[in-house]
Amino acid sequence: MPSIYLDHKGPLLRFLARTLGNSRDAEDVAHETFARLLSLRADRIDSPMARLKRIAINILRDGFRAER
């Protein structure tokens, strides 16, 4: 998991900043995204960036924007 975090945090933050329009909210969603990924306890993730984006989009759909 540490390599997934180190390898994909930057690209995920850029994706979220473009999607949300600001880096502060992007940081919050990225943090929650990695927390949810950890809770999956998956032994192997074939496409980490795709999984991270899917989790992040689900967070946004679950109401992150409405809370802001």
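Okay, let's start with what I mean by a helix: helices are DSSP runs of H or I with at least four residues, strands are E runs of at least two, and both are numbered from the N terminus. With that in hand, T33 sits in helix α2, and I'll come back to T33 in a minute.

Before that, some housekeeping. This is a predicted model, so to speak: local features need pLDDT of at least 70, side-chain atom pairs count only at pLDDT 80 or more, and totals for chains, interfaces and linings use all residues. Residues are numbered from 1 along each chain as its sequence is written, and side-chain values use heavy atoms, with hydrogens and water left out.

How confident is the predictor? pLDDT is its confidence in each residue, from 0 to 100. The protein chain averages 89, and 90% of the residues score at least 70. Confidence is highest in α2, at a mean of 94, and lowest in α3, at 87. As a reminder, where pLDDT is low, the predicted coordinates should not be read in detail.

Now the layout. The protein chain has three helices and zero strands, and from the N terminus on the order is α-α-α. When I say contact, I mean heavy atoms within 4.5 Å. Take the contacts with a separation of 6 or more: 58% of them are between residues 24 or more positions apart.

Accessible areas come from the Shrake-Rupley method with a 1.4 Å probe, and for residues only the protein chains shown count as cover. The protein chain exposes about 4700 Å², and carbon and sulfur atoms supply 48% of that. For single residues, buried means under 20% relative accessible area, exposed means over 50%, and partly exposed is in between. Of the 68 residues, 35% count as buried.

Let's go inside. A nonpolar core here is a set of buried Ala, Val, Leu, Ile, Met, Phe, Trp, Tyr and Cys residues joined through side-chain atoms within 4.5 Å. The largest one has 18 residues, and those with the most contacts inside it are I4, L12, L16, V29, F34, L37 and L52. Each of α1, α2 and α3 supplies at least two residues of this core.

L37 from that list is found in helix α2. L37 counts as buried because its relative accessible area is 5%.

Is T33 buried or exposed? It's buried, because its relative accessibility is 0%. And which residues does T33 touch? Leaving out residues up to four places away in sequence, T33 touches L12, L52, I55, A56 and I59.

Next, aromatics. Rings of Phe, Tyr and Trp (its six-membered ring) pair if their centres lie within 6.5 Å; planes under 30 degrees apart count as stacked, over 60 as edge-to-face and the rest as tilted. By that rule there is one aromatic pair. Y5 and F34 have ring centres 4.9 Å apart and planes at 70°, so the pair is edge-to-face. Y5 lies in helix α1 (residues 2-20) and F34 in helix α2, so the pair ties together parts that are 29 residues apart in sequence. F34 is buried at 6% relative accessibility, whereas Y5 is partly exposed at 34%.

Last topic: charges. A salt bridge is a side-chain nitrogen of Lys or Arg within 4 Å of a carboxyl oxygen of Asp or Glu. How many salt bridges does that rule give? Four.

One of them joins R36 and D62, at 3.4 Å from N to O. R36 lies in helix α2 (residues 23-40) and D62 in helix α3 (residues 48-67), so this pair ties together parts that are 26 residues apart in sequence. R36 is partly exposed at 29% relative accessibility, and D62 is exposed at 55%. There's a network here too: salt bridges link E32, R36 and D62.

Then there's R24 with D25, at 3.9 Å from N to O. R24 is exposed at 59% relative accessibility, while D25 is buried at 8%.

And R44 forms a salt bridge with D46, where the closest N and O atoms are 3.4 Å apart. R44 counts as exposed at 68% relative accessibility, and D46 counts as exposed at 65%.

That's my tour, thanks.

Technical notes: Buried means under 20% relative accessible area, exposed over 50%, partly exposed in between (1.4 Å probe, protein chains only). pLDDT is the predictor's confidence in each residue, from 0 to 100.
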